[in-house]
Amino acid sequence: MRKTILSAMLISALAMPALADSYPVTGAWGPSTSSDKGAIDCAGKRVITFNGNQRQDSNGGVPAYRNKSVTPAGPSNYRIVDQFSTGQINNASVNYTLRQVDADHIEMNMQSGGSLKLQRCE
């Protein structure tokens, strides 16, 4: 009986997905080159939302990402690896750095060389 319970516990533990890291920021962010403090109106703009270990993007071919890892890379800088799946791609990953400029501004520097400046949405 004891072996059966332990075996069942081991199997269920192995079947559970590994917990991913949470993002270092939360909430909705929209593109902005402004250095003004405070949140912006993101109506009609691209919005990237960070919530725990999930990231959603209102623009692009991949609407949702799941965080795989967050590694500090200096003050307010993080190396991030996200996983995603679409109808054609399964368990692909994307790497980028995220820099928290201040409470209202972040920058995402993509592996492909592109950079995205974002400001907190209202």
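Helices (H or I, at least four residues) and strands (E, at least two) are runs assigned by DSSP and numbered from the N terminus. Two strands count as paired if DSSP finds at least two bridges between them. The model is predicted: local features need pLDDT of at least 70 and side-chain atom pairs count only at pLDDT 80 or more, while totals for chains, interfaces and linings use all residues. Residues are numbered from 1 along each chain as its sequence is written, and side-chain values use heavy atoms, with hydrogens and water left out.

**View 1. Eight strands form a closed barrel.**
The strand order is E1-E2-E3-E4-E5-E6-E7-E8, and the pairing is antiparallel. From one strand to the next, the twist averages 35 degrees; the axes behind this angle are lines fitted to C-alpha atoms, for helices over the stretch in contact, and angles run from 0 to 180 degrees between N-to-C directions. E1 and E8 are joined by three bridges in the antiparallel sense. Here Trp29 faces Arg120 of E8. Strands of a sheet pair through backbone hydrogen bonds, either parallel or antiparallel.

**View 2. Strand E5 pairs with E4 and with E6.**
E4 covers residues 64-72 and E5 covers residues 77-84; the two run antiparallel and share six bridges. Pro72 has Tyr78 in E5 as its bridge partner. Four residues lie between the strands of this hairpin, and Gly74 takes a positive phi near 120 degrees. Eight bridges connect E5 with E6 (residues 92-102), again in an antiparallel arrangement. Opposite Gln83 stands Ser93 of E6.

**View 3. The largest nonpolar core has 19 residues.**
A nonpolar core is a set of buried Ala, Val, Leu, Ile, Met, Phe, Trp, Tyr and Cys residues joined through side-chain atoms within 4.5 Å. Buried means under 20% relative accessible area, exposed means over 50%, and partly exposed lies in between (1.4 Å probe, protein chains only). The members that touch the most others are Phe50, Ile80, Tyr96, Leu98, Ile106, Met108 and Leu118. Two or more residues each come from E2 (48-51), E4, E5, E6, E7 (105-110) and E8 (115-120). E6 gives the largest share, four residues. Leaving aside residues up to four places away in sequence, Leu118 touches Trp29, Gly30, Pro31, Ser32, Ile48, Asp104, His105, Ile106 and Met108; contact means heavy atoms within 4.5 Å. In soluble globular proteins, nonpolar side chains tend to be buried together.

**View 4. Arg46 and Asp57 form a salt bridge.**
A salt bridge is a side-chain nitrogen of Lys or Arg within 4 Å of a carboxyl oxygen of Asp or Glu. By this rule there are four salt bridges. In the pair of Arg46 and Asp57, the closest N and O atoms are 2.5 Å apart. Arg46 lies in the loop between E1 (27-31) and E2, and Asp57 in E3 (residues 54-57), so the pair ties together parts that are 11 residues apart in sequence. Arg46 is partly exposed, at a relative accessible area of 29%, whereas Asp57 is buried, at 8%.

**View 5. Arg55 and Asp82 meet in a salt bridge.**
The N to O distance is 3.0 Å. The pair links distant parts of the chain, with Arg55 in strand E3 and Asp82 in strand E5, 27 residues apart. Both Arg55 and Asp82 are buried.

**View 6. Glu107 of strand E7 meets Arg99 in a salt bridge.**
The N to O distance for Glu107 and Arg99 is 3.1 Å. Glu107 is buried because its relative accessible area is 15%, while Arg99, at 31%, counts as partly exposed. Residues up to four places away in sequence left out, Glu107 touches Thr97, Leu98, Arg99, Val101, Leu116 and Lys117.

**View 7. The structure holds two aromatic pairs.**
The rings of Tyr23 and Phe50 are edge-to-face, with centres 5.0 Å apart and planes at 70 degrees. Tyr23 lies in the loop between helix H1 (2-15) and E1, and Phe50 in strand E2, so the pair ties together parts 27 residues apart in sequence. Tyr23 is buried at 6% relative accessibility, and Phe50 is buried at 1%. The rings of Tyr65 and Phe84 are also edge-to-face, with centres 5.6 Å apart and planes at 70 degrees. This pair links distant parts of the chain, Tyr65 in strand E4 and Phe84 in strand E5, 19 residues apart. Tyr65 and Phe84 are both buried. Rings of Phe, Tyr and Trp (its six-membered ring) pair if their centres lie within 6.5 Å; planes under 30 degrees apart count as stacked, over 60 as edge-to-face and the rest as tilted.
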